[in-house]
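Student: I would like a close look at a single part of this structure. Please walk me through the ligand site and its surroundings.

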Amino acid sequence: MAAIGSFSLLRNCAVTTRAFSNVRVSPRATSSFNSIKLIHPHHSQRSLFCTNAIHDEEASAKAAAASADSGAPTIFDKIIAKEIPSSIVYEDEKVLAFRDINPQAPVHVLVIPKARDGLTTLGKAEARHGEVLGQLLYAARIVAEKEGILDGFRVVINNGPGACQSVYHLHLHVLGGRQMKWPPG
Ligand code: 5GP
C-alpha cells in the first residue's frame with residue numbers, strides 16, 4: 001500500500017487506475033482527494049508524465065473532459081457562454097482568449113475558437129479549418145502584444161493524450177513573461 005507520504009506526489013501527477021487502488025488518504029487530504037476522484041476516469045487514460053497541480057475548478061474541467069476526444073461538450077463551452085467566469089484578455093466574433101486557471105508562466109492565456117466545429121484537437125483539422133486556424137494564431141499575437149511579451153513568447157498546442165491534452169476543444173496556450181526553456185518537457 002502506498003504510504004500517505006506519497007500522496008503529495010500523486011497530487012501532482014496524472015495517475016493510473018492501478019496507482020489509485022494503492023492510495024490511502026488521510027482526513028486532511030480528503031478535499032484534494034475528492035478532486036482526484038473527479039478526474040480519475042480521464043487520468044486513467046493519460047500518461048504518468050502529464051503533470052498538473054490539482055485545483056478544484058480545473059479538476060471539474062478535467063472531469064468534463066473525462067470522455068477525452070468523444071466530441072462531448074467541455075468546460076470551454078461554458079466559458080464561451082459566460083456560464084462560468086473567466087479572465088478574458090481578448091475576444092472577437094470568432095475567438096476568445098482568457099487566462100489559464102493553472103498558469104505555467106507569468107502570462108498564460110488560452111486562445112480558443114468560439115465554434116469548435118469538430119476541432120477537438122489540432123489533429124482533426126481539415127482544409128476548411130484554415131481560416132479559423134489563422135485567426136487563432138493571429139489572436140495569439142494580439143494577446144502577446146496586449147500582455148507585453150511580444151519579444152519572447154511561446155505558443156503551444158497539446159494534441160491528444162500523448163501530449164497531455166486535457167480539454168478537447170482546440171486551444172492555443174500563449175506563454176511568456178519569463179525566460180522560456182528549450183527543449184520543452
Ligand atoms: P490542455 O491540457 O488541454 O493542453 O490545456 C487545458 C488548459 O485548460 C489547462 O492548462 C488548464 O489549466 C486550463 N483550464 C481547465 N479548466 C479551466 C477553467 O475552468 N478555466 C480556465 N481559465 N482554464 C482552465
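Tutor: Here is the ligand site, then some residues around it, then the whole chain.

This is a predicted model, so local features need pLDDT of at least 70 and side-chain atom pairs count only at pLDDT 80 or more, while totals for chains, interfaces and linings use all residues. Residues are numbered from 1 along each chain as its sequence is written, and side-chain values use heavy atoms, with hydrogens and water left out.

Start with the shell. There are 19 residues around the ligand. A residue is near a molecule if one of its heavy atoms lies within 4 Å of it. R99, D100, N158, S166 and H173 come nearest. By class, the shell has nine nonpolar, six polar and four charged residues. Here Ala, Val, Leu, Ile, Met, Phe, Trp, Tyr, Cys and Pro count as nonpolar, Asp, Glu, Lys and Arg as charged, and the others, Gly among them, as polar. Helix 4 (56-64), helix 5 (75-80) and strand 2 (95-99) each supply at least two residues of this shell. Helices (H or I, at least four residues) and strands (E, at least two) are DSSP runs, numbered from the N terminus.

Now the polar contacts. A polar contact is a pair of N or O atoms within 3.5 Å; within protein, one must be able to donate a hydrogen and the other to accept it, and residues adjacent in sequence count only if both atoms are side-chain atoms. H173 places a polar side-chain atom 2.8 Å from a ligand oxygen. C164 has a polar backbone atom 3.2 Å from an oxygen atom of the ligand. For I101, a backbone N or O atom lies 3.2 Å from a ligand nitrogen. The protein buries 96% of the 520 Å² that the ligand exposes when taken alone. Accessible areas come from the Shrake-Rupley method with a 1.4 Å probe; for residues, only the protein chains shown count as cover.

Take D100 next. D100 sits in the loop between strand 2 and strand 3 (107-113). D100 counts as buried because its relative accessibility is 15%. Buried means under 20% relative accessible area, exposed over 50%, and partly exposed in between (1.4 Å probe, protein chains only). A polar side-chain atom of D100 lies 2.7 Å from the backbone nitrogen of N102. Leaving out residues up to four places away in sequence, D100 touches H108, V109, L110 and H173. Contact means heavy atoms within 4.5 Å.

H171 carries a record. The UniProt annotation "active site", from an unreviewed entry, covers H171. UniProt positions are given in the numbering used here, feature names are shortened, and annotations may be inferred rather than shown by experiment. H171 lies in the loop between strand 4 (153-156) and strand 5 (172-176). With a relative accessible area of 6%, H171 is buried. A polar atom of its side chain lies 2.6 Å from the backbone oxygen of H169. Not counting residues up to four places away in sequence, H171 touches F76, L110, V111, I112, V156, I157 and Q165.

A72 lies in the loop between helix 4 and helix 5. A72 is partly exposed, at 26% relative accessibility.

Finally, the chain. It has six helices and five strands. Their pattern along the sequence is α-α-α-α-α-β-β-β-α-β-β. Of its 185 residues, 41% count as buried.
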